[in-house]
Amino acid sequence: MAKLYFKYGVMGCSKTAQALITKFNYEERNMSVLLMKPALDTRDGAAVVRSRIGLESEALAVPADCDLFALYSEKYRGIQVIIVDECQFLTPEQVDQLSRIVIDYDVPVLCFGLRTDFLTHLFPGSRRLLEIAESITEIKSICACGAKATVNARFDEKGHILFSGEQVVLGGNDRYLAMCRGCWLKRKKEQEENGIFT
C-alpha cells in the first residue's frame with residue numbers, strides 16, 4: 001500500500017540528491033515518476049531540480065494555488081510515483097491533496113525538504129507533513145563542532161547570523177549554514193555581546 005513520505009533535514013544534508021537518486025531508482029525499474037517542486041523555488045531555474053553535488057533533472061514547477069489532486073487526476077493519472085523537492089514551500093492544502101493521491105490512487109508520494117526555517121520555526125507545508133505523513137525520516141547532517149545539525153542558520157553579507165527577517169529567503173551555501181542549536185545560540189550571544197543585533 002502506498003504512503004505519504006516526509007524526508008527532512010537541514011540545508012546541505014543531501015535532500016535533493018536523495019530525491020534525484022530515488023527518481024533514478026524508480027525509473028531504472030521502468031516506473032514512471034513525476035518530479036515536482038513549488039514554483040516559489042527558482043534558485044536553479046523554474047523547471048529544474050539541482051543538487052549541490054551536480055545531479056539535476058527537469059521538474060514540474062507548481063504554484064501555490066495549484067490543486068495537486070486535480071492536476072494528477074486530470075493530467076498525470078497513471079504516473080506511478082510522485083517525488084516533491086523543497087516540499088516545505090507547499091501549502092498545507094497541497095499536502096492534503098498529495099495525501100488524497102496516495103489514498104485514492106495508491107500512488108506513493110515522497111516529499112523532501114526542510115522541517116524548520118532559520119529561526120527554528122516550522123514551515124506550514126512541513127507542519128502538515130509532520131501531522132499526516134505515514135513515514136517520517138530525518139536525513140542527518142553535522143555541525144562544524146561535530147554535533148547533529150538542526151538549525152538552518154542564515155547569514156548576512158558580513159557573515160553575521162541573522163535572527164530576524166522574512167521566513168522565506170532563497171539561497172544556498174552563500175546564505176545558509178547548518179549548525180547545531182548550541183553553536184547557533186552561542187553565536188547569537190557573541191554577536192549581542194559585541195553589539196550586533198540582527
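1. Start with Glu-138 and Lys-148: in this predicted model, their side chains form a salt bridge, with the closest N and O atoms 2.9 Å apart. The pair ties together distant parts of the chain, since Glu-138 sits in strand 8 (residues 135-138) while Lys-148 lies in the loop between strand 8 and strand 9 (151-154), 10 residues apart. How exposed are the two partners? Glu-138 has a relative accessible area of 24%, so it counts as partly exposed. Lys-148 comes out at 39%, which also makes it partly exposed.

2. Now look at Asp-96 and Arg-128. They form a salt bridge too, and here the closest N and O atoms are 2.8 Å apart. This pair also links distant parts of the chain: Asp-96 belongs to helix 3, Arg-128 to helix 4, and 32 residues separate them. Asp-96 is partly exposed because its relative accessibility is 30%, and Arg-128 is partly exposed because its value is 25%. Glu-131 joins in as well, giving a network of salt bridges made of Asp-96, Arg-128 and Glu-131.

3. As background, side chains of opposite charge can pair when their charged atoms come close.

4. Helix 3 deserves a slow look. It runs over residues 92-105, and at 1.5 Å a residue its 14 residues should span 20 Å; the end C-alpha atoms are 20 Å apart, so the two values agree.

5. Which residues of helix 3 are buried? They are Gln-94, Val-95, Gln-97, Leu-98, Ser-99, Ile-101 and Val-102. What do they pack against? Their neighbors are strand 1 (4-8), helix 2 (68-76), strand 6 (81-85), strand 7 (109-113) and helix 4 (124-132).

6. Leaving out residues up to four places away in sequence, Ile-82 touches Leu-34, Met-36, Tyr-72, Ile-101, Val-107, Pro-108, Val-109 and Leu-110.

7. Finally, zoom out. The protein has five helices and 10 strands. Its radius of gyration is 18 Å, close to the 16 Å that the globule rule gives for 198 residues, so the protein is as compact as a globular protein of that length. Along the principal axes, the C-alpha trace spans about 60 × 30 × 30 Å.

8. Of the 198 residues, 47% count as buried. Among contacts with a separation of 6 or more, 75% are between residues 24 or more positions apart. The protein exposes about 10,000 Å², with carbon and sulfur atoms supplying 50% of it.

Definitions and conventions
Residues numbered from 1 in each chain as written. Predicted model: local features only at pLDDT ≥ 70, side-chain atom pairs only at ≥ 80, totals over all residues. Heavy atoms only, no water. Helix = DSSP H or I, 4+ residues; strand = E, 2+ residues; numbered from the N terminus. Expected span 1.5 Å × (residues − 1). Buried < 20%, exposed > 50% of the residue type's maximum accessible area, 1.4 Å probe, protein only. Contact = heavy atoms within 4.5 Å. Salt bridge = Lys/Arg side-chain N within 4 Å of Asp/Glu carboxyl O. Rg over C-alpha atoms; globule rule 2.2 N^0.38 Å. Areas by Shrake-Rupley, 256 points an atom, 1.4 Å probe, with all protein chains shown as cover.
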